[in-house]
Amino acid sequence: MRSLVRNAILPLTLVIVGAAAVMGDAARETHAAGSSGRDGFGKSGERGQFQRDQDQDLPATAPARDGIAYTPRRTEGNARIGAVFEKDDHGGHFCTASVVRSPGRNMLITAAHCAFDADSGQPLNGLVFAPGYRNGDEPTGLWKVGKVVVDDRWATSQDEDLDVAFLILDQKGGKNIQDFLGGNTLGINRGFDNKVKITGYPTSRDTPLSCQNRTTKFSDFQLRIQCTHLAGGTSGSPWLADYDPKSHTGTVIGVLGGYEGGGDQDDVSYAAYFDDDIAKLYRRAQDED
């Protein structure tokens, strides 16, 4: 059974050498999301396609109230969140990812359905990450994804409670992405009631949007939030808690995805709960980094 111990945070310096692939847990019920891995599933966009016809010109300001989306300003914290493209930035971005701290200093977190093709049973090839992307501007360039790490149960049955992926980036000019942007910490077993900020890249926009609100419990392994305009392309967006304005970092306690690939309504979104299974997956990803 998944542990629901509140407020425990995984030490980010922990590395388990030779960790095996995460195996099935007979004690937990599997919820399959049968359409995962296909273009446009849940809140992922169509890969490689421009979809600008529904652009939302939201004000660049602080949120008027919880649950209302806005265009965030350029900040050090927002710089480590970016758009995911396939092969290069000439097509449309279709998902969102963000930098998470790791000993190898080259790791992203996103939704599994953004990075793994369930139909072929293989990771998506040629993914690239554009942190801080705005209107074609890429402050630190494009970063190539070298490895995709998902739970074996998601790979085989698209268990929506495990819709989380860690991406290992190739170095750029001999440097790691954390050297440029830093990274957020990973929060494990934080409970279901948290104030979070979500920042993501709808496919219909060339700028990100943000929204903040409190999370609620949707099921034993799913978080739910009410936030406007979180449309296709926001899959994988980090749910950031405990933001520290001095260090410009926070704690990622979820990524947009899970139930129905993140939901079929723009104003209601979901995330798989980060418990011990996600901690194991994170340690496995460290071994790949």
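**A walk through a predicted chain**

Let me begin with one spot, where Trp239 stands opposite Gly254 in strand E15. Strand E14, residues 238-244, and strand E15, residues 249-255, pair in the antiparallel sense over five bridges, where two strands pair if DSSP finds at least two bridges between them.

A word on the source: this is a predicted model, in which local features need pLDDT of at least 70 and side-chain atom pairs count only at pLDDT 80 or more, while totals for chains, interfaces and linings use all residues. Residues are numbered from 1 along each chain as its sequence is written, and side-chain values use heavy atoms, with hydrogens and water left out.

Of the 289 residues in the chain, 56% are buried; buried means under 20% relative accessible area, exposed means over 50%, and partly exposed lies in between, with a 1.4 Å probe and protein chains only.

Next, the aromatic rings, where the count comes to nine aromatic pairs. Rings of Phe, Tyr and Trp (its six-membered ring) pair if their centres lie within 6.5 Å, and planes under 30 degrees apart count as stacked, over 60 as edge-to-face and the rest as tilted. Phe192 and Tyr273 form a stacked pair, at 4.6 Å centre to centre and with 25° between the planes. Why does this pair tie together parts that are 81 residues apart in sequence? Phe192 lies in the loop between strands E9 (185-186) and E10 (195-200), whereas Tyr273 lies in the loop between strand E16 (268-272) and helix H4 (276-288), so the pair joins those parts. Phe192 is buried at 12% relative accessibility, and Tyr273 is buried too, at 1%.

Phe192 also leads us to Thr216, which touches Phe192, Gln222, Leu223 and Arg224, not counting residues up to four places away in sequence; a contact here means heavy atoms within 4.5 Å. Is Thr216 buried or partly exposed? At 38% relative accessibility, Thr216 counts as partly exposed, and this residue lies in strand E12, residues 216-219.

Terms used. Helix = DSSP H or I, 4+ residues; strand = E, 2+ residues; numbered from the N terminus.
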